[in-house]
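Subject: Structure handover and notes

Hello,

Please find the structure below, with the sequence alongside. My notes on it follow.

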Amino acid sequence: MQEAVLNVAINAPLSRLFDYLPPRHGAPGASPGCRVLVPFGRRRLVGLVMGVAASSDVPAAKLKHALDVLDPAPLLDDSDLELLSFVSAYYHHPIGEVVAAALPAPLRHGNPLLPLIREARLTASGAAVDLDTLTRKAPRQAALLAALRRAGGVATFAALDEAAPGWNRSRKSLEEKGWIEISERQDVSAVRAVSARQAGPALNAGQAAALEAISLDGGFEVTLLDGVTGSGKTEVYLRLIEAVIERGRQALVLVPEIGLTPQLVGRLEQRLGLAPAVLHSSLPDTERLAAWRAARDGSAPLVLGTRSAVFVPLARPGLIVVDEEHDSSFKQQEGLRYSARDLALKRGKALGLPVVLGSATPSLESLHRARDGEWRHLRLPVRAGGAAPPRLALIDLKRYPPEDGLSQPVQSAIERQLAAGGQVLVFINRRGYAPTLICEGCGALAECRHCDARMTVHTASGRLICHHCGASRRLDRTCAECGSDVTPLGHGTQRLESVLRRRFGEHGVARIDSDSTRRRGAMQKALAAAASGESRVLVGTQMLSKGHHFPDLALVCVVDADQGLFSTDFRGTERLAQSIVQVAGRAGREQRRGEVLIQTAFASHPFWAALLGGGYARVADAALEERRAAGWPPFSRLALLRASATDRDLPQRFLETAAAQARAEAVDAVRVLGPVDAPMARRAGRYRAHLLFQSANRRLLHRLLAALLPALEAEAGARRVRWSIDVDPIELF
Ligand code: ADP
Ligand code: ZN
Ligand code: ZN
């Protein structure tokens, strides 16, 4: 009889599973969801068993045996595996790479689910040794014994590394003398306990209605919680989570990359009286694995994470929440280009769970489905606790030309706020000192040598840095072309920081962007200083605009909104409205009425009339109409085939072949647009182009992509082209 065949996903760029026979002997049976160690070419790799079949298409003589089974029980259950298979098919991405993206690094590398903790223990004879004598003969051995005695007779290897550096060298001799014993145990670290829970505020009518409407026992159902900033959405999530936990189930809450603040974690802990299992990419591997374990075994009632947490297995799932669902960080922009928001919906459907998407500025995709009645649309139109909405006003830069980036009305407003004891936020979505350097003689700009882009001036480090490829060079003093003086052009966060320090330094100026918060803990410190009021002038990027609550903040100044007005991307106005409304939402969350001043050189642009007259909803209406007319999403589906190479012509030729094939497949329902050069045609020394597929029919679009794949794989290898397929792209570059 033929042995069972394991269908194994292996982390390799090949769109298929690989068949293996079970290990020859001794190993436990491998069911789907277990990891196995397999021979792969000349390497041994960790793979995940996706299925077990009775037979294989591979001739029996060629089938190899797996070397070992790494998990006594499946890590993932059937629904988890189905999700992974779906992701591979939907995003046209190799299954092994999908599995790799879904597993925490230690598991991907074959480490045990429960890490082994190794300990040294003092024996009775070790405890009886006279340390003074030993210190003279063998000081290092004596130090180790002393450290163990101080630790109460037993210590982990990790603890000894701290307490007695170099101890490991004398370990053997002590073991031989019978003075210490080494043992191993599995780490079953439990969820951290937290102090008593605090009661929340009484819900207002809107919140109560939302809670009433969302059923936790009715299976899969999607709710868009469309509530202005500060309307109490988080409060609604909290009540839902409480109710889910009461039912003995788990809640999975997804937040944007930079939305996962200590403020939010603290609030959840205080209110729920438990520590959430937190999953995000900057955690140490062991912590992330511990959280993953707690989600999987059900010991964590609340799992809170960024994008990749959408894959985490849950023992008793009860609810999925996606906070700030419009946020672009839910979409991975490289490798496996998945949307965690979309997968949350998919997962909710598969598991029969309620899914709640929340935002003050919902994506047009979500808004459209909610308005169409496919999803429940709940609105929280006013701020909870009675704070008034912030007042938006335009500052026409043609009338009030800026000096040092700030117009006169903005400067006076800042002065007024600070004099009244308030706090001010100056928002500009550009880090660095200035976007580029210009020659005063010939007007030449500092270009990156590897990209079609300008280099950003960073005065702190005295360098020009390309924000697209990371290349950097010393700040030029004179123009390379004509020798004239050069000067920074435009404003970034650093330059505004120095302008603000000069004028308002005594009020405490803090800059918050990805440069200032790179060091561990720097972000927390800056936010704490902002929240306590120690820093009364905040200047920063998007990072400042999400989720934070600064009680005294009353004035927000948007320095340069115009970048978004003339974007070539069809999502340009949606993005601009989202970023302004989000940052405006930081203002006036408590007693002080919020004021938002927006500097623009195009005050009569219709976008402003829509935003100031009707808020985000009106901008969204207009944008949806435009998209309907042009057939852009959500009225169609897109997929983008990107290609790049160091040779200028290769990407175009590669894509032309793909386009020809796609057109030959001749599905009328799918439009094939291009190929065209990417908006930034050269980046990091590679030439880039893309081909866009557009269709109202998702099934046909996917069928076409699947049909193209084998040819692309063959063609690219021959032509040294890198390519990727981006399904539902959110950036067209
Ligand atoms: P959102 O998530 O929509 O931004 P939050 O839930 O964070 O809103 O609420 C904003 C602020 O209002 C918080 O300080 C919160 O404690 C408070 N708040 C929320 N709901 C109520 C309520 N029903 N009564 C009083 N204050 C509330
Ligand atoms: Zn010059
Ligand atoms: Zn560059």
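Helices here are DSSP runs of H or I with at least four residues, numbered from the N terminus. Please keep in mind throughout that this is a predicted model.

Ligand site

I started with ligand 1. Its shell holds 16 residues, and the closest of them are Ala202, Gln207, Lys233, Thr234 and Arg267. Which element gives the most to this shell? That is helix α10, residues 233-246, with 3 residues. Sorted by class, the shell has 7 polar, 5 nonpolar and 4 charged residues.

- Lys233: a side-chain N or O atom lies 2.9 Å from an oxygen atom of ligand 1.
- Thr234: a side-chain N or O atom lies 2.5 Å from an oxygen atom of ligand 1.
- Glu235: here a polar backbone atom is involved, 3.2 Å from an oxygen atom of ligand 1.

Taken alone, the ligand exposes 560 Å², and the protein buries 76% of that.

Helix α11

Helix α11 covers residues 262-272, and its buried residues are Leu264, Val265, Leu268, Glu269, Arg271 and Leu272. Note that Glu269 and Arg271 are on that list. What lies over the buried residues of α11? The cover includes α10 and β13, the latter being residues 302-305. After α11 comes Gly273, with a positive phi near 70 degrees.

Arg347 is in helix α13, residues 340-351. Is Arg347 buried or exposed? Its relative accessibility is 4%, so Arg347 counts as buried, the cut-off being under 20%. A polar atom of the Arg347 side chain lies 2.8 Å from the backbone oxygen of Val312. With neighbours within four places in sequence left aside, the residues in contact with Arg347 include Ala309, Val310, Phe311, Val312, Pro313 and Leu314. Asp80, Leu83, Leu252 and Ile320 are also in contact with Arg347.

Leu224 sits in strand β10, residues 221-227. Its relative accessibility is 0%, so Leu224 counts as buried. Which residues is Leu224 in contact with, leaving aside its neighbours within four places in sequence? They are Glu325, Leu357, Pro362, Ser366, Leu367, Ala370, Trp375, Arg376, His377 and Leu378. Trp167, which is 57 residues from Leu224 along the chain, has its C-alpha atom 58 Å from that of Leu224.

Ala164 and Ala146 are 18 residues apart along the chain, and their C-alpha atoms are separated by 9.1 Å. Ala164 lies in the loop between α7 (157-163) and α8 (168-177). At 8% relative accessibility, Ala164 counts as buried.

Backbone points to check by eye

There are two cis peptide bonds to look at. One joins Pro633 and Pro634, with omega about 5 degrees. Pro634 is in the loop between α19 (606-630) and β28 (637-645). Another joins Gly674 and Pro675, with omega about 10 degrees. In this case the proline, Pro675, is placed in strand β29, residues 670-683.

- His92 has a phi of about 50 degrees. This residue lies in the loop between α1 (78-90) and α2 (95-102). With a relative accessibility of 12%, His92 counts as buried.
- Ala684 also has a phi of about 50 degrees. The loop that holds Ala684 runs between β29 and β30 (686-695). Its relative accessible area is 45%, so Ala684 is partly exposed.

Cysteines

How many disulfides does a search of the whole structure find? The count is 0. As for individual cysteines, Cys34 counts as buried because its relative accessibility is 0%. Cys442, at 44%, counts as partly exposed.

Regards

Definitions and conventions: Residues are numbered from 1 along each chain as its sequence is written. Chains are lettered from A and ligands numbered from 1 in the order in which they are written. This is a predicted model: local features need pLDDT of at least 70, side-chain atom pairs count only at pLDDT 80 or more; totals for chains, interfaces and linings use all residues. Side-chain values use heavy atoms; hydrogens and water are left out. A residue is near a molecule or strand if one of its heavy atoms lies within 4 Å of it. A polar contact is a pair of N or O atoms within 3.5 Å; within protein, one must be able to donate a hydrogen and the other to accept it, and residues adjacent in sequence count only if both atoms are side-chain atoms. Accessible areas come from the Shrake-Rupley method with a 1.4 Å probe; for residues, only the protein chains shown count as cover. Helices (H or I, at least four residues) and strands (E, at least two) are DSSP runs, numbered from the N terminus. Ala, Val, Leu, Ile, Met, Phe, Trp, Tyr, Cys and Pro count as nonpolar, Asp, Glu, Lys and Arg as charged, and the others, Gly among them, as polar. Buried means under 20% relative accessible area, exposed over 50%, partly exposed in between (1.4 Å probe, protein chains only). Contact means heavy atoms within 4.5 Å. A disulfide is a pair of cysteine sulfur atoms within 2.5 Å.
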